[in-house]
Amino acid sequence: MAAFTHNLNIVGRCTQMQRSQKLKPLGICGGQVPYLLRLCREPGLTQEEIAEALYVNKSTAARQVNSLERAGFVERRVSAEDRRCMRVYPTDRALAALPQLRETVQEWNEYLLDGFTESERATLLQMMERVAGRAQAYIQREVGWDA
């Protein structure tokens with residue numbers, strides 16, 4: 001069953017490459033898309049909250065947030081509740097790019113699932129949600145966020 005995770009990795013890498021190619025005119029690379037989508041949906045997350053939401057390590061989240069900040073897509077602000085804490089917000093530039101980000105994601109999903117019946121799509125989604133849930137539970141139970 002090693003082919004299962006191998007195929008997941010291929011889909012993930014191809015997804016990033018497709019997003020990078022489609023979003024290059026905006027100055028966005030494929031790996032930044034989940035960060036922008038999450039921050040547009042939930043503005044004001046901390047870097048740690050972003051890392052946990054996206055299942056990446058804290059240093060990866062910090063690098064991506066730094067890159068997005070340099071490119072003008074996000075900004076850090078001191079938290080009103082805790083002056084020691086920085087929160088990350090999308091800028092107007094990110095909000096303007098949001099429709100194209102969503103369209104790029106939707107087009108790719110449709111491309112990948114072309115030829116699948118509605119029933120097959122629903123079954124695949126249910127199965128992938130089960131797999132993702134097991135992966136998330138393992139990380140939360142066995143690894144944690146201090147790894």
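This note goes through the model point by point, from the overall fold to single residues.

1. Basis. This is a predicted model, in which local features need pLDDT of at least 70, side-chain atom pairs count only at pLDDT 80 or more, and totals for chains, interfaces and linings use all residues. Residues are numbered from 1 along each chain as its sequence is written, and side-chain values use heavy atoms, with hydrogens and water left out.

2. Fold. The protein chain has 6 helices and 2 strands. Their order along the sequence is α-α-α-α-β-β-α-α. Helices (H or I, at least four residues) and strands (E, at least two) are DSSP runs, numbered from the N terminus. The C-alpha atoms fill a box of roughly 50 × 40 × 25 Å, taken along the principal axes.

3. Burial and surface. Of the 147 residues in the protein chain, 29% are buried. Buried means under 20% relative accessible area, exposed over 50%, and partly exposed in between (1.4 Å probe, protein chains only). The accessible surface comes to about 9,800 Å², and carbon and sulfur atoms account for 53% of this surface. Accessible areas come from the Shrake-Rupley method with a 1.4 Å probe; for residues, only the protein chains shown count as cover.

4. Contacts along the chain. Take the contacts between residues at least 6 apart in sequence: 52% of them join residues at least 24 apart. Contact means heavy atoms within 4.5 Å.

5. Nonpolar core. The largest nonpolar core has 23 residues. Such a core is a set of buried Ala, Val, Leu, Ile, Met, Phe, Trp, Tyr and Cys residues joined through side-chain atoms within 4.5 Å. Those with the most contacts inside this core are I28, V33, L36, I50, F73, V74 and L101. Helices α2, α3, α4 and α5 (92-113) each supply at least two of its residues. The most come from α2, with 6 residues. In soluble globular proteins, nonpolar side chains tend to be buried together.

6. F73. Which residues does F73 touch, leaving out those up to four places away in sequence? The list is L26, G27, I28, L36, L68, Y89, P90, T91, R93, A94 and A97.

7. Helix α3. In α3 (residues 47-54), the residues I50, A51 and L54 are buried. They lie on the same side of α3, because they cover an arc of only 100 degrees around the axis. That arc is taken from the directions from the helix axis to the C-beta atoms. An α-helix has 3.6 residues a turn, so residues three or four places apart point the same way. The buried residues of α3 pack against α2 (33-41), α4 (58-70) and β2 (86-90). Just after α3, Y55 takes a positive phi of about 55 degrees.

8. T46. This residue lies in the loop between α2 and α3. T46 is buried, with a relative accessible area of 12%. T46 touches C85, M86 and R87, not counting residues up to four places away in sequence.

9. Q16 lies in helix α1 (residues 2-23) and is partly exposed, at 44% relative accessible area. Q16 touches G30 and G31, again not counting residues up to four places away in sequence. S67 is found in α4 and is partly exposed, at 23%. The C-alpha atoms of S67 and Q32 are separated by 8.8 Å, with the two residues 35 apart along the chain.
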